[in-house]
Amino acid sequence: MTSFDTTPQLNVWRALLALAVVFVMLATTGWTALRNQRGDTPLQASLSAWEDGRIAGHRLPDPQSEPTKLARFFASLTERDRASLVHKYPLAVGNMNGAPVELRYRANRIALAEAREVERERMHDQRLTPAGQHEAGRRLHRFEDLMEKGRHILAFDPDGSGRVAEVFGDLDTADRVSVVVPGVDTDLLTFQRTHRKYSAPVGMAESLYAAEREASPSTRTAVIAWADYTAPSGLGIDSATAMRAEEGAVRLNALVRALPGGAPVSLFCHSYGSVVCGVAAHSLPGRVSDIAVAGSPGMRVERAAQLHTSAQVWAMRDADDWIQDVPYLEVGGLGHGADPVSAGFGARVLSAQGAKGHAGYFEPGTASLMNFAEIGVGAYRSVHCAHEDGVCRTGLSGTAAA
């Protein structure tokens, strides 16, 4: 028995409907919605000050230099000089790929404290609406959360809806590094949640870090909750195109290239985050061993081979995930290409049993989280495939590092 819901014709009608909706949006809101021009942000101001700065009579290096060059620069400084740079240019140092991670943590604590005071003033600014003052209070509390003892903030930008990245574990000594790349509606305020904890980047990363340690206690792992790109807001034009993904891919590539050491890196990309990972795939360094996507709307290609990556490509989708109803095609820049869990795509398809929908892939006790953890520690022979034939493990070896 066949169903109209599975016919190619319905996908075409869905695509045409999506196009019609977009054109209506553009006609009523204008293309200017895609161009968010702003003046100098706090981060840009800090970088500009750095570019004009000196230490011991010498100009500071270009903050956009290769991470290895910046690492050599910081290594050549005394501890006093490093501390001076952290206090003078906290946002610049805190977001500088190539700066030692411990120095970035210190710099971002200072930057968070400064941003907190800005929001404290805005809470009582009578020029703001009550809603604006309330928003300032929410941001202040989020900054205080991020400043709690023991938290390691690798990146922080308070501008607009904000960007942030946090590390669980020790990046400098890790045998394996995992990066969680989230999807739509990710910003400073949604970086962590009390309700539906494991649907937010912090909960995702904490859950994965715990699962990896359980999967292989002898493997030193580190997990990054990476919300350091401007994600689409809601299911509108931004989420239907690759614009945000292209910007995010540049930042993701820069992050991976700046990670200390040479440990293998696995990317765990959820929802629109899988679009980011798909766009970034061809430019990522060889140390990226795995790209695993969950609840993906597509990776901007028709086949995994078109990603042009040496990394293993994994995919999973829960049976109740609404994303399966999204048109898996690309028309005029709209849509994100083929379904990564389809047989023709060529990814290694994993079980997502227990995930219960679009936001549950990192829930403790699920097959999806267990599979992510096994990939994260390199125990490929232990993953559970979506199909009983075990085809997702074909040609792979590997156990957790000793």
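A disulfide here is a pair of cysteine sulfur atoms within 2.5 Å. By this rule the count comes to two disulfides. The model is a predicted one: local features need pLDDT of at least 70, side-chain atom pairs count only at pLDDT 80 or more, and totals for chains, interfaces and linings use all residues. Residues are numbered from 1 along each chain as its sequence is written, and side-chain values use heavy atoms, with hydrogens and water left out.

**Stop 1: the cysteines**

Select Cys269 and Cys277. Their sulfur atoms lie 2.1 Å apart and form a disulfide. The angle about the S-S bond is -90°, a left-handed link.

Now go to Cys385 and Cys392. A disulfide joins them, S to S 2.0 Å. The torsion about this S-S bond is about -85°, so the disulfide of Cys385 and Cys392 is left-handed. Cys385 counts as buried at 12% relative accessibility. Cys392 is buried with a relative accessible area of 1%.

How are the bonded cysteines paired in sequence order? Numbered that way, the pairing is 1-2, 3-4.

**Stop 2: α10 against α11**

Show residues 243-258, helix α10, and residues 272-280, helix α11. Helices are DSSP runs (H or I, at least four residues), numbered from the N terminus. Two packed helices are described by the angle between their axes and the distance between the axes. For α10 and α11 the angle is about 60° and the axes are 8 Å apart. That makes α10 oblique to α11. Oblique covers what is left after roughly parallel (under 35 degrees), roughly antiparallel (over 145) and roughly perpendicular (65 to 115). Axes are lines fitted to C-alpha atoms over the stretch in contact, with angles from 0 to 180 degrees between N-to-C directions.

Colour the contact residues next; contact means heavy atoms within 4.5 Å. On α10, they include Met243, Ala249 and Leu252. On α11, Tyr272, Val276 and Cys277 are among them.

**Stop 3: Leu77**

Select Leu77, in the loop between α3 (67-75) and α4 (79-88). Is Leu77 buried or exposed? Leu77 is buried, with a relative accessible area of 12%. Leaving aside neighbours within four places in sequence, Leu77 is in contact with Ile55, Arg82 and Leu85. Draw a C-alpha to C-alpha distance from Leu77 to Ile55: it reads 9.4 Å, across 22 residues of sequence.

Notes
Helices (H or I, at least four residues) and strands (E, at least two) are DSSP runs, numbered from the N terminus. Buried means under 20% relative accessible area, exposed over 50%, partly exposed in between (1.4 Å probe, protein chains only).
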